[in-house]
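Thank you all for making time this morning.

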Amino acid sequence: MSVTDSSTRFRIAGTASIGYVHLRVRNLDRSLAFYLDVLGLRLVSGGASTATLSATGRGPGLIVLTEKKDAPARPLHATGLYHTAIRVPSRRALAMSIRRLREAPWRIDGFADHDVSEAVYLADPDGNGVEIYADRPSDMWPFRNGQVEMITVPLDLDSLMEELANWPGEWNGIDPGAVIGHVHLRVSDLVPTEAFYQGVLGLAVTQRSLMGALFFAAGGYHHHVGANVWSSAGGERPPADAVGLISYCVLLPDTASLDALLVRLEAAGAPVRSADAGRVRTADPDGIFVELVVA
């Protein structure tokens with residue numbers, strides 16, 4: 001089942017998805033130790049101050065890291081990244097990642113069952129939130145009034161870890177099918193956020209029943225973008241060179257989809273910069289950069 005919407009409003013391409021997340025970090029070696037050794041991502045390319053990582057070691061990248069040694073911290077109540085969510089393709093893959101976090105060891109901030117998915121939460125060395133999750137089959141997702149009903153209840157960790165009963169325990173890195181499933185943002189006001197992500201980009205609102213949060217998606221997914229004001233209502237933007245989110249990427253299937261969004265962005269007065277063919281950078285109402293890229 002997919003999210004329904006009786007309106008005739010513009011919709012982004014149904015196959016749109018999140019591509020990569022670009023983060024600013026203070027110490028690249030320290031961050032690589034986390035993303036490669038603890039999470040099990042693999043290096044695609046790297047230099048003196050930047051690195052691109054994926055689940056396979058081949059492009060396209062999922063996480064891009066750029067070092068700025070003197071980057072200021074993001075103020076506590078500022079807008080920006082809440083977490084980057086890495087989706088693995090199975091419960092077993094999720095259980096493997098959790099076992100790895102325990103063996104590393106790395107601090108786990110929490111576990112949750114969202115009904116549509118099961119998840120573990122942590123943070124990287126710079127405090128950037130990370131979720132690793134596995135979806136339940138979409139025909140099991142609960143819906144109410146045309147919207148997906150995501151909840152947060154305790155995860156049955158014992159049941160999940162039973163997935164490893166016949167696994168020999170050899171860690172070879174994160175499952176190669178891992179992708180960026182969604183990004184969750186801290187925003188200052190949900191009203192302009194909805195106007196941008198639904199009204200301009202054409203993502204559907206998939207859940208609005210959780211107080212202080214909205215969730216948006218393409219193609220009937222539960223969410224590709226989450227936004228909340230839980231600690232950032234009325235908050236200011238962080239310093240331009242602060243630790244945290246530099247940008248994230250929305251992948252589009254073709255140039256026609258990109259051209260349609262470009263027209264809408266320009267009509268809405270949103271900032272637009274075309275870096276090269278098949279790539280446009282814009283920003284949401286909180287100045288969070290969104291890169292629209294033809295896959």
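This is a predicted model: local features need pLDDT of at least 70, side-chain atom pairs count only at pLDDT 80 or more; totals for chains, interfaces and linings use all residues.

**The cavity and its surroundings**

The largest cavity has a volume of about 40 Å³. By cavity I mean, on a 1 Å grid over the protein atoms alone, a set of points where a 1.4 Å probe fits but cannot get out, and the volume is the space filled by probe spheres set on the points, which are joined across faces, edges and corners. A search of the whole structure finds one cavity of 30 Å³ or more. Residues are numbered from 1 along each chain as its sequence is written, and side-chain values use heavy atoms, with hydrogens and water left out.

Which residues line the largest cavity? They are Ile12, Ala16, Ser17, Ile18, Leu203, Ala218, His224, Val225 and Val250, where a lining residue has an atom within 4 Å of a point. Sorted by class, this lining has seven nonpolar, two polar and no charged residues, with Ala, Val, Leu, Ile, Met, Phe, Trp, Tyr, Cys and Pro taken as nonpolar, Asp, Glu, Lys and Arg as charged, and the others, Gly among them, as polar.

Val293 sits in strand S18, residues 289-294, and is buried, with a relative accessible area of 9%; buried means under 20%, exposed over 50%, and partly exposed in between, using a 1.4 Å probe and protein chains only.

Turning to the whole protein, the secondary structure comes to five helices and 18 strands, these being DSSP runs numbered from the N terminus, with helices (H or I) of at least four residues and strands (E) of at least two. For 295 residues, a compact globule would have a radius of gyration near 19 Å, and the 18 Å of this protein agrees with that; the radius is taken over C-alpha atoms, and the rule is 2.2 Å times the number of residues to the power 0.38. Of the 295 residues, 52% count as buried, and residues 24 or more positions apart account for 67% of the contacts with a separation of 6 or more.

Glu194, in helix H4 (residues 190-200), is buried as well, with a relative accessible area of 18%. Leaving out residues up to four places away in sequence, Glu194 touches Gly199, Val205, Arg208, Leu214 and Phe216.

Finally, some backbone details in the loops. A cis peptide bond joins Gly59 and Pro60, with omega about 0°, and Pro60 lies between strand S3 (50-54) and strand S4 (63-67). The bond from Ala104 to Pro105 is also cis, with omega near -15°, and Pro105 is in the loop between helix H2 (91-103) and strand S6 (110-113).

How exposed is Asn145, buried or open to solvent probes? Asn145 counts as exposed, at 75% relative accessibility, and it has a positive phi of about 55° although it is not a glycine.

Note on methods
On a 1 Å grid over the protein atoms alone, a cavity is a set of points where a 1.4 Å probe fits but cannot get out, and a pocket is an open set with protein on both sides within 12 Å along at least five of seven lines; lining residues have an atom within 4 Å of a point. Contact means heavy atoms within 4.5 Å.
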